[in-house]
Amino acid sequence: MTTFQQFSQFPFVSVSGRPYDRGVQYGKQAQDRVRASAAMYGRTIDELGYTASARAALFKHFEGHIGTVDPTYLDEMHGIADGAGVSFADIVMINARTEVLAKARADQATAEGEELQDGCTGAIVLPERSASGNLLHAQNWDWRADCVNTGVVLRVQRDDGPDFLTFVEAGGLARSGMNSAGVSITANYLESDRDFKQLGVPLAILRRKVLDQPVFANALKAVATTPKSCSNNIMLGMAQGFAIDFECTTNEAFPLYPGDDQLIVHANHWVSPVARTKLVDTGCENSADSYYRDWRVRKLLNSTPMISRDSLKQALFDDFGTPFSVCRPPREGVRHSMTASVAMVVMEPAVGEMDVAPMPALNRVFTRYRLEGEPTLLEA
């Protein structure tokens, strides 16, 4: 069985210029990790039984949706492919991997019930509860343990929109992140009986669209109105002191607001009473621990009157119910796949800082990445 005692901090990739040029810089700086992402998902798609023609048709479909959101994304993706020396189809695959893999499961193409969904536990602390007086936004990303070797932190500096910083799988346009306008985003896996009644915009592209917005209301609009292929939970923060959680289906978004404790905490089950009366939560079988993960984080955060980045990290380090815990150590799933909390991401958008730790169940060393300036390794 693979062990994960040796791994490095996530590489920092900083790019600037026009979309294609940024992509080339990204691909070159993260070449090994982009190639590793492409190889990993390429193998999985082959194992799931996609024929070459079905694979090409699916990628072409998603390429079309990406182009309708913003054609410059395709330019940037071509640049990533050229810089890393992989095919453009590989970059489409990386950016649409949630939809491709989840659709395979929905079509029962995954033998023996392979666990494919992202887990994730996310939290937002409003300024009223923050020790610094600034909004805090954080997440544990639960996915394939091998992705500890494919993640990067990408900073994009540009003239055509706000700068942004994102933790992302190499080759992807965005995942968890924040921009220089103070908009922050994380996302958690959800499932419902509405999934794959249509094919829409890949979730990675939606996250990037959010980080492109200089105005928070437009970020809300992007999440609430963009057609999607499958369900997803999207948490949005605003440095000026507002936060909202959207539980999204393919064609509808159900908002959740901070409670009286000035927190939003979400794992991988549907919470909105309206949503629960309108759809069926089909993800419970693979994420039953979700029902206590968000409760644990909220309980731990509410044990502290004022919440700092450190106390938020401590809540996300929680090992109650391990290995099915908030902070998940590497464990073998079915078909010999390893899953884990691959990264802990803690953001303070008002100061443009993001602390990230790889494999937090085994490691408590963070690197602090910045919208301006160079990364700093923090002491454990």
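Before the first click, one term: two residues are in contact, or touch, when they have heavy atoms within 4.5 Å of each other. Keep in mind, too, that this is a predicted model.

Start by selecting V356. Leaving out residues up to four places away in sequence, V356 touches Q9, F10, V153, F167, A343, M344, V345, V365, F366, T367 and Y369. In soluble globular proteins, nonpolar side chains tend to be buried together.

Next, colour the sheet. It is open, with 8 strands in the order β1-β4-β5-β6-β7-β8-β9-β10 and mixed pairing. Look at the edges: β1 (12-16) and β10 (253-256) each have a single partner strand, so one side of each is left without a neighbour in the sheet. From one strand to the next, the twist averages 20°. Zoom in on β10 and you'll find β9 (residues 242-248) paired with it in the antiparallel sense over 4 bridges. E247 is the residue standing opposite F254 in β10.

Now pick helix α1. It lies across β1, β4 (151-157) and β5 (164-169), and runs at about 160° to β1. The crossing is right-handed. To see the contact itself, show side chains including Y20, Y26 and K28 from α1, and D75, H78 and I80 from α4. The residues of this contact divide into 6 nonpolar, 6 polar and 5 charged.

Move on to α5 (residues 88-95). Is this helix enclosed or open? In α5, 7 of the 8 residues are buried, so the helix is largely enclosed by the rest of the structure. Those buried residues are F88, D90, I91, V92, M93, I94 and N95.

Most residues other than glycine have a negative phi, and most peptide bonds are trans.

- F196, in the loop between β7 (183-189) and α7 (203-211), has a positive phi of about 60°. At 17% relative accessibility, F196 counts as buried.
- Q262, in the loop between β10 and β11 (263-266), has a positive phi of about 65°. At 22% relative accessibility, Q262 counts as partly exposed.
- T322 and P323 are joined by a cis peptide bond, with omega about 10°. Find P323 in the loop between α11 (309-316) and β12 (331-332).

How values were computed
Residues are numbered from 1 along each chain as its sequence is written. This is a predicted model: local features need pLDDT of at least 70, side-chain atom pairs count only at pLDDT 80 or more; totals for chains, interfaces and linings use all residues. Side-chain values use heavy atoms; hydrogens and water are left out. A crossing is left-handed if the near helix is turned anticlockwise from the far one by less than a right angle, and right-handed if clockwise. Helices (H or I, at least four residues) and strands (E, at least two) are DSSP runs, numbered from the N terminus. Ala, Val, Leu, Ile, Met, Phe, Trp, Tyr, Cys and Pro count as nonpolar, Asp, Glu, Lys and Arg as charged, and the others, Gly among them, as polar. Two strands pair if DSSP finds at least two bridges between them. Axes are lines fitted to C-alpha atoms, for helices over the stretch in contact, and angles run from 0 to 180 degrees between N-to-C directions. Buried means under 20% relative accessible area, exposed over 50%, partly exposed in between (1.4 Å probe, protein chains only).
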